[in-house]
Amino acid sequence: MSHHIIEFRDVLFRYPDGTEALKGINFRITHGESVGIVGANGAGKSTLLLHLNGCLLPAAGTVTIGDLTLAAETRRQLRRKVGVVFQNPDDQLFMPTVFEDVAFGPLNIGLNDRQVRERVHWALGMVGCLDLWDKPPHHLSAGQKSAVAIAAVMAMEPDILAMDEPAANLDPRSRRSLIGLLKTFRHTKLIASHDLDLILDVCERCLVVRDGRVVADGPSAAILSDAPLLEENNLELPLSLHRR
Amino acid sequence: MTFDERYFNIGRLDRLSYGDSFIHRLDPRTKVIATILFLFTVVSFPKYEVVALAPFFLFPILLMTLGGISLRFIALKVLMVSPFAILIGIFNPLFDTQTVTIGFGTSISAGWISFAAILVKFTLTVSTALLLVATTSFPGVCQALRRLGCPAIFVTQLLFLYRYLFVLAEEAMRIVRARDLRCFGRQGRGVKIFARLVGTLLVRSLDRAERIYRAMLSRGFAGDIPRLGGFRLRSADLAFAAAMALFLVTFRFFPLTEEFGRFAQELWR
């Protein structure tokens, strides 16, 4: 299948304050691949993810997702294909109850009441949060918020899933169950994280971003065991690869 | 009370709405309409009317008893906002010095009576509004308003106000805590520092607003927050509405309390 391909070609992006966040990003991800994006703080990982569903538009270069090229006119279509889970779940959960929040996307797509209920049940069940459905988000723990934020995106059944630091707020067990969950997704996945063990577990391929450019691209096992490369990028070997 | 404790108290009101009682189960629309009618009726009384307002306390008391909400909780909340009402009415006794007799040979200035009327109206309206939220939940009230034809933009604003009140309070709490940990005694607590804290809070909120909007767009937001169906009017709602209408009309247009008072006076004499 060709429609879940992501391709970035010479993508440049400059923030209004003049910061050049992306300085020519190039990569191509094919259907069903699971790709980790790693790099130091401020390397451009989050900015890159914001291009995936048109929250930001490139100043130069092209972003192609499936058969669509990212532009102001195609943004809405792209948002149905690409689900983005942002870093802070409080920004993502804006509705008064968990149920309504997960239902927000499906309702906007134009599903009817019955379909929406089914989707919400399926999505909340998948992340193991069915019993939270009538709670307001501000009464949830950080781990529960993350899980619900993922359900809210999954309920739209996107073809491609992009996540920014999905495990940042989670305790070890929630993190472990998130990893298990991510492994079950058959989607094309892009995960930006400093949690290199998570990337090693979930992603077979890994991109290293430095200063707005992709400086390494290859199998996770090779890249994440390359200590000099990691150190150049303010990273270190994943704990599971440490030899004691 | 410290800021932290105050913050944890905000959530009390909407925890109450998780309850399950006759009042909680009523259709939110019924409760919203009943409350609005009640407020208008109470406010419509002339400014020197105090006695005729007394029976209206039955409504909040009924909501409280049937809804299982503690009097103390509501009373404290009403007390907390009472300074506003007191400020509005406090000058009445000074400006309105005409004297009136109130029975048993005592007479006071009419201003005191209108001041009392303001306080009574205030207590009635605020406690009823609080009880509406406590038995319906704020989102429930918003949803009912939307269904009753309130404009989408207004309801969306209210929903966000509610959702992010907690996030904002938490943010403020973290900032205040960070300041308190690094200031010793009086140092660092001045107005200048405070002004900067508020500025920081504003900038952070603006940033957050942008991130939230992005998240909304990512999930297909196009101006109106869509809603699932799900309200159903049941016979209990109709019964409640009918009883409410009867109650309001009776006590608004027939001076029953006065009659009762006169009757009591006759007996006493």
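**Figure 1. The open six-stranded sheet of chain A in the predicted model.** The strands follow the order β6-β7-β8-β3-β9-β10 (chain A), and their pairing is mixed. Because β6 (82-85) and β10 (213-219) of chain A each have a single partner strand, they form the edges, and one side of each lacks a neighbour in the sheet. Direction ignored, neighbouring strands are turned by 15° against each other on average. Strands of a sheet pair through backbone hydrogen bonds, in either a parallel or an antiparallel manner.

**Figure 2. Pairing of β3 and β8 in chain A.** Strand β3 (residues 34-38) of chain A runs parallel to strand β8 (residues 188-192) of chain A, and four bridges join the two. Within this pair of strands, A:Ser34 is placed opposite A:Lys189 in β8(A).

**Figure 3. Helix α1 of chain A packed on the sheet.** Helix α1 (residues 45-52) of chain A touches β3, β6, β7 (160-164), β8 and β9 (205-210) of chain A. The direction of the helix makes about 150° with that of β8(A).

**Figure 4. The side of chain A that touches chain B.** Contacts link 24 residues of chain A with 23 residues of chain B. On the side of chain A, the elements giving two or more residues are α3 (89-92), α4 (98-109) and α5 (113-126) of chain A. With six residues, α4(A) gives the most to this side. By class, the side of chain A that touches chain B comprises 12 nonpolar, eight polar and four charged residues.

Key. Residues numbered from 1 in each chain as written. Chains lettered and ligands numbered in written order. Predicted model: local features only at pLDDT ≥ 70, side-chain atom pairs only at ≥ 80, totals over all residues. Contact = placed C-beta atoms within 7 Å. Nonpolar A, V, L, I, M, F, W, Y, C, P; charged D, E, K, R; others polar. Pairing = 2+ DSSP bridges. Axes fitted to C-alpha atoms, helices over the stretch in contact; angles between N-to-C directions.
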